[in-house]
Amino acid sequence: MTTAPARPHPRAVALATAVSVAALLTLVAVGTVLHQPLLIPPLAASMALVAGAPDLPLSQPRSVVGGQLLSALTGFAVLPFTGPGLWAAALAGGLALGVMMLARTPHSPAAATAVIVTLQNPPFWSFLALLALASVLLVAVGLAGARATGRTYPAYWL
């Protein structure tokens, strides 16, 4: 029988939480300046991985940025065949996993980005540009937070 992981030290919880809050507030602030929303639910989940489990492959910059962008592209690739809707969302969300695995950019929150694309059918270039900016900002705040707290992030870049 296995047991749950050990309870993290309160300092580690406080630091990870502070880094996560700072990153998400950064997305809101930059989005406000740009008059475009940068914070979407999958990015909050991405930041939880970066701040809370920085050693996992899912948390590495390659996976955060690459996984998000590839999943969005997967959603956009499905749209011409299905149009927007729930069936398209289910297909794109599932296909995004395979695309990320083939590209060696596993990032589970990104599958939800493919779902968002197929449900909302956003403008292609602006959505991709904003998603890339937001993903890079999350990684940058995660990197700064790791340096400030003495943690190691990332484990690898490419």
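The residues lining the largest pocket divide into 12 nonpolar, three polar and no charged. Here Ala, Val, Leu, Ile, Met, Phe, Trp, Tyr, Cys and Pro count as nonpolar, Asp, Glu, Lys and Arg as charged, and the others, Gly among them, as polar.

The model is predicted, so local features need pLDDT of at least 70 and side-chain atom pairs count only at pLDDT 80 or more, while totals for chains, interfaces and linings use all residues. Residues are numbered from 1 along each chain as its sequence is written, and side-chain values use heavy atoms, with hydrogens and water left out.

The largest pocket holds about 260 Å³ of space. Its centre is approached most closely by Pro-37, Ile-40, Pro-122, Phe-127 and Leu-130, out of 15 lining residues. A pocket is an open set of points, on a 1 Å grid over the protein atoms alone, where a 1.4 Å probe fits, with protein on both sides within 12 Å along at least five of seven lines; lining residues have an atom within 4 Å of a point. Grid points are joined across faces, edges and corners, and the volume is the space filled by probe spheres set on them.

Helix H2 (41-52), helix H5 (108-120) and helix H6 (124-149) each supply at least two residues of this lining. H6 gives the most, with five residues. Helices are DSSP runs (H or I, at least four residues), numbered from the N terminus.

On the surface, Val-33, Leu-34 and Leu-133 form a nonpolar patch with about 260 Å² of accessible area together. Areas come from the Shrake-Rupley method with a 1.4 Å probe, and for residues only the protein chains shown count as cover. Leu-34 belongs to helix H1 (residues 10-34) and is partly exposed, at 40% relative accessible area; buried means under 20%, exposed over 50%, and partly exposed in between.

His-35 sits in the loop between H1 and H2. Its phi is near 60 degrees, a positive value in a residue other than glycine, and His-35 counts as exposed because its relative accessibility is 70%. Arg-104, in the loop between helix H4 (86-103) and H5, also has phi near 60 degrees. With 56% relative accessibility, Arg-104 counts as exposed.

In the segment after H6 lies Pro-154. The peptide bond from Tyr-153 to Pro-154 is cis, with omega near 0 degrees.

Terms used. Patches are made of residues with over 30% relative accessible area and no salt bridge: like charges are joined within 9 Å, nonpolar side chains (Val, Leu, Ile, Met, Phe, Trp, Tyr) within 5 Å. A salt bridge is a side-chain nitrogen of Lys or Arg within 4 Å of a carboxyl oxygen of Asp or Glu. Buried means under 20% relative accessible area, exposed over 50%, partly exposed in between (1.4 Å probe, protein chains only).
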